[in-house]
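Biologist: Good morning. Could we go through this structure together, one topic at a time?

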Amino acid sequence: MLVELPASVVTCRNLTGGQWREPSGAVREIVSPYSGKVIGKVGESSQAEVAQLVEAAQAAFPIWRAMPIKERAQYLFRFRELMLAKLPQLSHRAAAEAGKTVDEAKAGIMKGIEVLEFALSLQNLEVGGVMEVSRGVTCQMSREPLGVVAGIAPFNFPAMVPLWMYPIALALGNCFILKPSEKVPLTSQLIGEIAVESGFPAGVFSILNGARATTEALIDHPLVKAVGFVGSTPVAKAVYQRATGHGKRALCLGGAKNHLIVVPDADPAMTVKGVLDSFIGCAGQRCMAASLLVAVGDVDSLLEKVKAAARDVKIGAGMGAIIDRAALERIEGIIGRATKDGAELAVDGRKPLPPKGYEAGNWIAPTVIDRAAPQMECAQQEIFGPVLTIVRVKNLAEAMALESQNEFGNATSVFTTSGAVARYVADRATTGMIGVNIGVPVPREPFSFGGTKASKFGQGDMTGASVLDFWSDLKKVTTKWSMQADHNWMS
Ligand code: NAD
């Protein structure tokens, strides 16, 4: 068995003010990418249901903000314990609906837990500050929560991406509304149950189901003060513009087209594994996936090894499925056009033999497109499937020129045994996360997650220290008690 599917069809509900309520709008069936079977259903929430949910969250805000951070942290500690206790169930649920392998789902949740642990450390680190700024005058700074805030998530990490947002937002005293992707709403149901079991006051953590219309109503609601978003670049930009158009703060992460630069002195074993894991992990459906391999000079023997390793991957056990039929057809379309445009289809993963018992799943095997020209669709667009495009260049300067033209800015990796080459690439790379002999250079906390260019709209990163300023305001209190204080500048 590749993954445990839910025993019966899961009906997704909103978590509104601590109450589970089924949305009243059009219902969408959730089909497992593995089996092609319906495993859940989710309705669209109406504008009135959005308003009710936001107002219930607002009602909880005075209770939640009044708690000292150490008290709030106790709920998050309980939440963490329950998440870890239910890790197998959560991993199977996320895998079943998003198409990733169970191990990948588990690794994603553990990365999310790491952000939760960062949030839990704030109680001891984010103590603000106080200083005597003039004689007898003190200035004190503290963080103030914003109120009700929202997090809008993509399909590819049903548990991890929300975990990038709500632990920190909640620890800082905000009430949080999670809007999961309508393609994968089932994992959030388990997370909501865990939140209820953790004892958060009703309305502190809410779940809102729906697609575009629901999301827009959420962004537009006047009581929603900040919007965190992770998804594709066009939507990230639209959400950013919509939220900031209302004068709200927004931090929106978008898509990617990550370049992996391979030079002749690269260590073969490390490079083949690093490249392969990066482009086939999560079946290429992750924003840190390798997408374009920039081959510098003669690296043919390395490339042949990558191709051989790609041919050996067993779909199902070794690589998961594609989220839906439309996505699969889009990926197949890009591969087809690449060959028409003159690239060489070195490994063709289209229409593979499906794993036994999972014939109705959305399968594609690893695919390698070689000798692509930089301006081709396969070399420019985010494919979001297990497809590696290879572009060949003469030298490192050419590789970095190509890298700098990348519209997106999530990650750049270099595979080399030379410190000088690594430094050359790291210094010139235009993306936010750089890997040296690492194909998926996701920083571990407290080093923050975030890209540049069309991979991010807004300031700061989604995790780490900079996001504290996103989910809070800084309050400064300047105080004088004693008349003995000299009158000097502004005191
Ligand atoms: P998507 O943009 O289609 O959807 C993301 C969310 O936005 C969903 O919750 C969806 O309901 C909502 N939405 C869709 N259209 C909307 C609209 N017009 N207005 C408001 N909300 C709307 O993304 P997806 O297909 O679910 O996820 C895959 C994408 O996410 C890829 O491009 C991937 O690179 C990106 N991603 C980026 C990161 C990152 O950290 N940069 C992480 C994960 C995924």
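Predicted model: local features only at pLDDT ≥ 70, side-chain atom pairs only at ≥ 80, totals over all residues.

Biologist: Which strand does β4 join, and over how many bridges?

Modeller: Strand β4 is joined to β5, residues 38-43, by 5 bridges, and the two run antiparallel.

Biologist: What lies between β4 and β5?

Modeller: The two strands form a hairpin with 6 residues between them. Gly 36, in the turn, has a positive phi of about 75°.

Biologist: And what is the order of the strands in the open sheet?

Modeller: The sheet has 3 strands, in the order β1-β5-β4, and its pairing is mixed. Its edge strands are β1 (10-11) and β4 (27-31), each of which pairs on one side only.

Biologist: In which sense do β1 and β5 pair, parallel or antiparallel?

Modeller: β1 and β5 are parallel, with 2 bridges between them. Val 10 stands opposite Gly 40 of β5.

Biologist: Let us change topic. Which residues touch the most other members of the largest nonpolar core?

Modeller: That core has 84 residues, and those touching the most other members are Phe 79, Met 83, Trp 164, Ile 168, Phe 176, Phe 205 and Trp 471. Helix α5, residues 160-171, gives the most to the core, with 10 residues.

Biologist: What is Trp 164 in contact with, apart from its neighbours within four places in sequence?

Modeller: Trp 164 is in contact with Val 115, Val 230, Leu 253, Phe 449, Met 462 and Thr 463. There is also a second, separate core of 79 residues, which includes Ala 98, Leu 186, Leu 328 and Ile 390.

Biologist: Now the rings. How many aromatic pairs does the structure hold?

Modeller: It holds 15 aromatic pairs. In one of them, the ring centres of Tyr 34 and Trp 363 are 5.7 Å apart and the planes are at 75°, so the pair is edge-to-face.

Biologist: Where do Tyr 34 and Trp 363 lie?

Modeller: Tyr 34 is in the loop between β4 and β5, while Trp 363 is in the loop between β15 (344-347) and β16 (367-370), so the pair ties together parts that are 329 residues apart in sequence.

Biologist: Is Tyr 34 buried or exposed, and what about Trp 363?

Modeller: Tyr 34 is buried, with a relative accessible area of 0%. Trp 363 is buried as well, at 4%.

Biologist: How are Phe 176 and Trp 471 arranged as an aromatic pair?

Modeller: Phe 176 and Trp 471 form an edge-to-face pair, 6.1 Å centre to centre with 65° between the planes. Phe 176 belongs to strand β9 (residues 175-179) and Trp 471 to the loop between α15 (466-470) and β23 (472-480), so the pair ties together parts 295 residues apart in sequence. Phe 176 has a relative accessible area of 0% and is buried; Trp 471 also counts as buried, at 0%.

Biologist: Which residues form an aromatic cluster?

Modeller: One cluster is made up of Trp 64, Tyr 75, Phe 79, Tyr 166, Phe 176, Phe 200, Phe 205, Phe 470 and Trp 471. Over the face of Tyr 75 lies Arg 78, at 5.0 Å from the ring centre. In another place, the charged end of Arg 428 sits over the ring of Tyr 424, 3.8 Å from its centre.

Biologist: On to cysteines. How many disulfides are there?

Modeller: The count is 0 disulfides. Cys 282, for example, is in none, and the nearest cysteine sulfur, that of Cys 287, is 9.7 Å away. Cys 282 is buried, with a relative accessible area of 4%, whereas Cys 139 is partly exposed at 23%.

Key
Residues numbered from 1 in each chain as written. Heavy atoms only, no water. Pairing = 2+ DSSP bridges. Helix = DSSP H or I, 4+ residues; strand = E, 2+ residues; numbered from the N terminus. Core = buried A, V, L, I, M, F, W, Y, C linked by side-chain atoms within 4.5 Å. Buried < 20%, exposed > 50% of the residue type's maximum accessible area, 1.4 Å probe, protein only. Contact = heavy atoms within 4.5 Å. Phe/Tyr/Trp six-rings, centres within 6.5 Å; stacked < 30°, edge-to-face > 60°. Lys NZ or Arg CZ within 6 Å of the ring centre and 35° of its normal. Disulfide = S-S within 2.5 Å.
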